[in-house]
Amino acid sequence: MANAAEFLQEDLTDGGQILRLSGSFTIALIGDVDGRLRALSANVQKIDLSAVEHMDTVGAWLVHRTAKESGAKIVGAGKDASRLLQAVSGADQTDIPPRPHPPSFERFLAEVGHSVIISFTTLLQFLGFVGQVVKASFILAMNPGRFRWHAVVQHFDMVGVRALGIIGLMSFLIGIVIAQQGAVQLRQFGAEVFTINLIGRLTFRELGILMTAIMVAGRSGSAFAAQIGTMKITEEIDAMRTIGVVPAEALVVPRVIAAVMMMPLLGVYASLMAIIGGGILCWVVLEIPPATFVQRLREVTPMTDFWIGMIKAPVFGAIIAMAGCFQGMQVHGNAEQVGLKTTAAVVQAIFLVIVLDAFFAIFFSEIGWN
Amino acid sequence: MDQPNIISVQGLCNSFGEQVIHQDLNLEVRRGEILGVVGGSGTGKSVLMRSIIGLQEPVAGKIRVFDEGMIRKEEDEATDVRRRWGVLFQGGALFSTLTVAENVQVPLREFYPDFSKALLDEIAHYKIYLSGLPADAAHKFPSELSGGMRKRAGLARALAIDPELLFLDEPTAGLDPIGAANFDNLTRDLKETLGLTVFLITHDLDTLYAICDRVAVIADKKVIAVGAIEELLAIDHPWINEYFGGPRGRAARRGHDRHNNPQPQLHQPGRS
């Protein structure tokens, strides 16, 4: 195998030193020669390459740099070595602009300012996006022939049908948890029977819809953002525009409609699964038979609870779909953006859903739907 | 030690499900040559390259690179071979979250973790310049570069560890004729300066005429011919005839001849 790169310093008769290089000046065998050449402080007059076995561009670069810094002459270079030296010295640029690197305080201020600007422009863009979607919906309502039924049905399948398994299981388990916690706490007052009130009212009014919304945001909101974001990167959306297809009509409206239609259905299904879970726990732990459970449930759960859920669900669905599609449309540049915007879509959707849920809770209490 | 063939592929078979891509394909790449690989779309040129560099597990066959078997190699066993080659993918395949200079430094850091930051920066800068990019491209991100610049940045990364073997997948596709010709010259210069062996997949007839020492033709699921273009022209195969004898093939040939044998009367001194 070839020898590692090495060099010796020798004094010249007329003052100064000569560096005698030997071994392989190649990337794999360069070892610590770079650091030692850099640390060299002697007055080097000549660099002798006659004992160098092999050289590649990295070796040539080291020789070139050392020669340039010390003003030394290169002697004994073979044909290949001279060609390499010529190549790297041709590629040497003395004026490489350093990467801009402002002080940290300045950077901090710049980042704060930047994020404020981003927040406001995003808000404006989101409003503009909602406007586009509303406009597209009206245009589609006027020209039903342009409506993409096929896409809507496909999204029904993706948002609704394929979510049944996971949402059902999750709601069933949440029903069990509510019933179990309720039973333990209420038993202290001898009021276990109120567990049924807890299950009935909580699931229909709040948790059934809210948990479904979170699940749909995680499953479908993220998928919307990723799908549209990828289409943006592959220029599919630009292609659509040039063909005369409006992306808001073709991509956003079907997804929003699918989410708006599926959310109430999923919400009812989730509430029922939670009640089944709670009912089973009541039966097993509190020994309340199913018939009594159902009868009691019908007495204590007002119909308004059901309607509250049904009013909230489509609103949440619209928010999730819009946030997903909007973030997807915001993707620019590279693949990393798709991931970032998908995360942003889910976070934004869940945040907005919870904020709105709080408003709804106060609103419905105020109008007397307790 | 110094075997004449850098790559040798024997009896390679590749298939995706029912679809057979390669059937008993043989190919040898000699040290120090530029081998052009041509073939119609979908004949498995890229699949051949992916098989050689170990990204695609073939159904059967033997592949040796630098006299080492490449089939069913574990990731860590292949490192020694990997540090001796560079690959330029079709789209450049630059890491989109890193700047061009950082992209070039990735293989250096990976294979030579002892190199100092200063040396890494120096190497990255001259490699970028050697690849024909302006100096200020070093701190740009791939999304800020044009298609041609991205290819050059990809080439800079492929050349980062001073490989002996370079794989180029359609390097001139999507470049304008001037850029493509420059890239051809760059490839040839690098081959001559650095003593590279180049495995070059291309559709570009001008590239074939300009820089390839030998050309391998893939058709009917195997390499049907390998040789200098003159030798290939003598072979009577419908695809080869159509490829080199079609309007574009003839044009590239004329351009090549004109370039090499300029009209003599222009250079003759006056006779009177």
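Modeller: Let's start with a strand pair: in chain B, strand S3 (residues 34–39) and strand S8 (residues 197–201) pair in the parallel sense over four bridges. Two strands pair if DSSP finds at least two bridges between them. Helices (H or I, at least four residues) and strands (E, at least two) are DSSP runs, numbered from the N terminus. Within that pair, B:Leu35 stands opposite B:Phe199 of S8(B).

Biologist: What are the ground rules for the numbering and the confidence?

Modeller: Residues are numbered from 1 along each chain as its sequence is written, and chains are lettered from A and ligands numbered from 1 in the order in which they are written. This is a predicted model, where local features need pLDDT of at least 70, side-chain atom pairs count only at pLDDT 80 or more, and totals for chains, interfaces and linings use all residues, while side-chain values use heavy atoms, leaving out hydrogens and water.

Biologist: Which sheet do S3 and S8 of chain B belong to, and in what order do its strands run?

Modeller: They sit in an open sheet of six strands with mixed pairing, in the order S6-S7-S8-S3-S9-S10 of chain B. At its edges are strand S6 (85–88) and strand S10 (222–227), each pairing on one side only. From one strand to the next the twist averages 15 degrees. For angles, axes are lines fitted to C-alpha atoms, for helices over the stretch in contact, and the values run from 0 to 180 degrees between N-to-C directions.

Biologist: How do I read which way the side chains of a strand point?

Modeller: In a regular strand the side chains alternate between the two faces of the sheet. Take S6(B): B:Trp85 and B:Val87 point one way, B:Gly86 and B:Leu88 the other, and all are buried. Buried means under 20% relative accessible area, exposed over 50%, and partly exposed in between (1.4 Å probe, protein chains only). S6(B) runs parallel to S7(B), joined by four bridges, with B:Gly86 opposite B:Leu166.

Biologist: Which helices lie across this sheet?

Modeller: Helix H1 (residues 45–52) of chain B lies across S3, S6, strand S7 (165–169), S8 and strand S9 (214–219), at about 145 degrees to S8(B). Helix H5 (residues 147–158) of chain B lies across S6 and S7, at about 165 degrees to S6(B). H1(B) is mostly covered, with six of its eight residues buried, among them B:Lys45, B:Met49 and B:Ile52. After H1(B) comes B:Gly54, with a positive phi near 85 degrees.

Biologist: And what about chain B as a whole?

Modeller: Chain B has 11 helices and 10 strands. Of its 272 residues, 51% count as buried. Contact means heavy atoms within 4.5 Å, and 67% of the chain B contacts with a separation of 6 or more are between residues 24 or more positions apart.

Biologist: Is B:Leu233 buried or partly exposed?

Modeller: B:Leu233 has 32% relative accessibility, so it counts as partly exposed. You'll find it in helix H8 (residues 229–233) of chain B. Leaving aside neighbours within four places in sequence, B:Leu233 is in contact with B:Tyr209, B:Phe244 and B:Arg253.

Biologist: What does the sheet in chain A look like?

Modeller: It's an open sheet of four strands, S1-S2-S3-S4, with mixed pairing. Strand S1 (6–11) and strand S4 (73–75) are at the edges with a single partner strand each, so one side of each has no neighbour in the sheet. The twist averages 20 degrees from one strand to the next. Strand S2 (residues 17–25) and strand S3 (residues 44–55) of chain A run parallel, joined by eight bridges; one bridge partners A:Gln17 with A:Val44. H2(A) lies across S2, S3 and S4 of chain A, at about 175 degrees to S3(A).

Biologist: How should I describe two helices that pack?

Modeller: Two packed helices are described by the angle between their axes and the distance between the axes. Here helix H2 (residues 57–70) and helix H3 (residues 79–90) of chain A pack at about 70 degrees, with axes 9 Å apart. That makes H2(A) and H3(A) roughly perpendicular (angles under 35 degrees count as roughly parallel, over 145 as roughly antiparallel, 65 to 115 as roughly perpendicular and the rest as oblique). Residues making the contact include A:Trp61 and A:His64 of H2(A) and A:Leu84 and A:Val88 of H3(A).
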